[in-house]
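Student: I would like to learn how to read a structure feature by feature. Could you walk me through one?

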Amino acid sequence: MRSIRFDTGASTLLAVTLALAMAGPAQAADKVVFLTSWYAQAEHGGFYQAKATGLYEKAGLDVEIRMGGPQVNGLQLLLAGEADAIMGYDIQVLQAVEKGLPVVTVAASFQYDLQGMMTHDDVTSLAGIKDRAILVSSAGMTAWWPWLKKKYALSDAQVRAYTFNLQPFFADKNVVQQAYPSSEPFQAQEKGVPVNFHLFARDGYPPYGTTIVTTRKLAEGKPEAMRRFVAASMEGWKSYMENPAPANVLIKAANPKMGDGQIAFGITRLKALKVLGGEENVPIGTMTEARWKASYDYLVEAGLLKASTDWKRAFSLDFMPVLSAKAE
């Protein structure tokens, strides 16, 4: 098995499938190490599904999925050659480009960043948090908080540190906190606490979610193999929404703390939020220059990115597969 040194004769995305079908058993598969952003969960299901159902194998790839975590610096490992692609996000890549780092986003699994706010059930919209104490992590302060603060005329004085402990939220109905749709709301459900979840993207927060990021060396030097990885991964997402059982076996094996109930809750939330195709039901993996420009504009305005940053180097639209998101 060789490492990620790709060699394929397909010259267009439509030709990739035919090229894969013609690949004989004597041809060694291309090894790809893919690093996720956190412990295995439903939000990573499409990649595990592509592994579990043989989609990567059919694509001539030997994919190893490694879990990220709180102490794992995915971008650093990517640049060091320890991973061939990582699960990333727009802000991370734009700021890396600002520093001159040779990374590029080649696909977006989700049309929305999954970041949002969990409130008690008496708060029906983000406009209702103006007089509440808001639990925000240190990472959130330099990502989405400037956007939320400006949009709803909030104050830094409202912010309290979020330490990933939900007890302050449970103890005080005046507290709201950052959340992901399938994580904190699930814990609240388990506690019998009625809550609402407000997705920032629904109010205009621009970044994509669960993106695929690689180095420019791989994207530009071996583009057809990267297209195969993207296409198989997006097909995995479509398959996962139809029948998640194969991937769930791998998810639970990698992360034994992830139970069936939370996985099912997560899938339900992903479908309800229409994350794969968005409200417009665009093809899975879609990115647009306009959306990236919106993220760039926000970061510059918030003082989180230099205006001189060559933002168009943060992404490439040359790797997007043409897949319907109807499985949602």
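Tutor: The chain has 14 helices and 10 strands, where helices (H or I, at least four residues) and strands (E, at least two) are DSSP runs numbered from the N terminus. This is a predicted model, in which local features need pLDDT of at least 70 and side-chain atom pairs count only at pLDDT 80 or more, while totals for chains, interfaces and linings use all residues. Residues are numbered from 1 along each chain as its sequence is written, and side-chain values use heavy atoms, with hydrogens and water left out.

Student: How many of the residues are buried, as a percentage of the chain?

Tutor: Buried means under 20% relative accessible area, exposed means over 50%, and partly exposed lies in between (1.4 Å probe, protein chains only). Here, buried residues make up 52% of the 328 residues. As for contacts (heavy atoms within 4.5 Å), among those between residues at least 6 apart in sequence, 81% join residues at least 24 apart.

Student: What should I look for in the backbone angles?

Tutor: Start from the general rule: most residues other than glycine have a negative phi. Phe164 has a positive phi, near 65°, without being a glycine. Phe164 sits in the loop between strand E7 (159–161) and helix H8 (167–171), and is exposed at 57% relative accessible area. Thr210 also has a positive phi, about 50°, and is not a glycine either.

Student: Where is Thr210 found, and is Thr210 buried or exposed?

Tutor: Thr210 belongs to strand E10 (residues 209–215), and its relative accessibility of 13% counts as buried.

Student: Which backbone oxygen does the side chain of Ser109 reach?

Tutor: The general idea first: a polar contact is a pair of N or O atoms within 3.5 Å; within protein, one must be able to donate a hydrogen and the other to accept it, and residues adjacent in sequence count only if both atoms are side-chain atoms. The side chain of Ser109 reaches the backbone oxygen of Thr210 at 2.8 Å. A polar contact also joins the side chains of Ser109 and Trp237, at 3.3 Å. Ser109 lies in strand E4 (residues 103–110) and is buried, with 0% relative accessibility. Leaving aside residues up to four places away in sequence, Ser109 touches several others, including Phe47, Met234, Val275, Leu276 and Ile284.

Student: How many salt bridges does a search of the whole structure find?

Tutor: Side chains of opposite charge can pair when their charged atoms come close. A salt bridge is a side-chain nitrogen of Lys or Arg within 4 Å of a carboxyl oxygen of Asp or Glu, and the search finds 15 of them. In one of these, Asp62 pairs with Lys31, with the closest N and O atoms 3.9 Å apart. Asp62 is in strand E2 (residues 61–66) and Lys31 in strand E1 (residues 30–35), so the pair ties together parts that are 31 residues apart in sequence. Asp62 is partly exposed at 22%, and Lys31 is partly exposed at 22%.

Student: Which residues are linked with Lys31 and Asp62 in a network of salt bridges?

Tutor: Glu64 and Arg66 are linked with them in that network.
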